[in-house]
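User: I would like to learn how to read features in a model like this one. Can we go through them step by step?

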Amino acid sequence: MSVLSTCPVVPVVVLDSADQAVPLGEALLAGGIEVVEVTLRTEAGLPGIAALAGLAGMTVGAGSVVLPEHVDAVVDAGARFVVSPGTAVPVLRRCAVRGVPALPGVATASEVMACVAEGLTEVKVFPAGLLGGPAHIAALSAPFPGLRFMPSGGVGPETMGDYLALPSVPAVSGSWMVGRDLLGAGRWDEVTARSADAVARATGHGGP
Ligand code: 3PG
């Protein structure tokens, strides 16, 4: 499975209640986003993944996965891909054993090389904005033809097009359409509106 071919925009979610999961997923789908990364930063993350795994049409992944035992927990809950802030070979190998794609964060060429050595073809760049934005990814991707990058951290509606203009970037990731304030207030229409806007912007830059 290619995570980055699923949708050009991957929302990163922090849930404060597992009850937010299904309305959130429905709001994303209504806006044209069919993938979501639910982080393990809160207690609601794992049950939220389980709830979204049962939502037709949605591909749910886990984020902020830092230990191999987390991989087992999220896959058992229904996660279909695993995102990490950095590159940890034990996490990558546990993902391989469990048969789920890993999307580890990279910031340097050495981390990319570690991912390539593990057979990966897709990685996340984190925190993309602070690392130097699209120019950083253009330079980082040059020695790795065929490798695909997903920027995350500091990406927004105004900058996502600059990333997607790079041939090595099929998708971007961010939280601007799923902010905790929006979820806490139940502003699902706003989630849908921001999602549709993001998909429209992606479509204008080589997306589906
Ligand atoms: C994160 O770490 O939460 C993701 O990289 C998203 O970052 P953002 O909130 O800057 O979009």
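User: In which helix is the place of His136?

Analyst: His136 sits in helix H7, residues 133-141. Some ground rules come next. This is a predicted model, where local features need pLDDT of at least 70, side-chain atom pairs count only at pLDDT 80 or more, and totals for chains, interfaces and linings use all residues. Residues are numbered from 1 along each chain as its sequence is written, and side-chain values use heavy atoms, with hydrogens and water left out. Helices (H or I, at least four residues) and strands (E, at least two) are DSSP runs, numbered from the N terminus.

User: Is His136 buried or exposed?

Analyst: Buried means under 20% relative accessible area, exposed over 50%, and partly exposed in between, with a 1.4 Å probe and protein chains only. His136 has 19% relative accessibility, so it counts as buried.

User: What does the side chain of His136 reach?

Analyst: Look for polar contacts: pairs of N or O atoms within 3.5 Å. Within protein, one atom must be able to donate a hydrogen and the other to accept it; residues adjacent in sequence count only if both atoms are side-chain atoms. Here the His136 side chain reaches the backbone oxygen of Ala107 at 3.3 Å. Contact in general means heavy atoms within 4.5 Å. Leaving aside neighbours within four places in sequence, His136 is in contact with Ala107, Val125 and Leu131.

User: Which strands make up the open sheet, and in what order?

Analyst: Strands of a sheet pair through backbone hydrogen bonds, either parallel or antiparallel. Two strands pair if DSSP finds at least two bridges between them. This open sheet has 3 strands in the order E6-E7-E8, with parallel pairing. E6 and E8 (148-151) stand at the edges with a single partner strand each, so one side of each has no neighbour in the sheet. E6 (residues 105-106) pairs with E7 over 2 bridges, while 4 bridges join E7 to E8. Lys124 is the bridge partner of Gly105, and in E8 the partner of Lys124 is Met150.

User: Which way do the residues of E7 point?

Analyst: In a regular strand the side chains alternate between the two faces of the sheet. In E7 (residues 122-125), Glu122 and Lys124 point one way, Val123 and Val125 the other, and all are buried.

User: What joins Phe126 and Pro127?

Analyst: A cis peptide bond, with omega about -10°. Pro127 is in the loop between E7 and helix H6 (128-131).

User: Which residues of helix H2 are buried?

Analyst: In H2 (residues 45-53) they are Gly45, Gly48, Ile49 and Leu52. Down the helix axis these buried residues fall within an arc of 105°, so they line one face of H2. The arc is that of the directions from the helix axis to the C-beta atoms. That set packs against helix H1 (21-30), strand E2 (35-39), strand E3 (59-63) and helix H3 (68-77).

User: Which residues surround the ligand?

Analyst: A residue is near a molecule if one of its heavy atoms lies within 4 Å of it. The surrounding residues are Val12, Arg41, Phe126, Ser152, Gly153, Gly154, Gly174 and Ser175. Now the distances. A ligand oxygen is 2.6 Å from an N or O atom in the side chain of Ser175. For the side chain of Arg41, the distance is 3.0 Å. A ligand oxygen is also 3.2 Å from a polar backbone atom of Gly153. The protein covers 78% of the 310 Å² of accessible area that the ligand has on its own. Accessible areas come from the Shrake-Rupley method with a 1.4 Å probe; for residues, only the protein chains shown count as cover.
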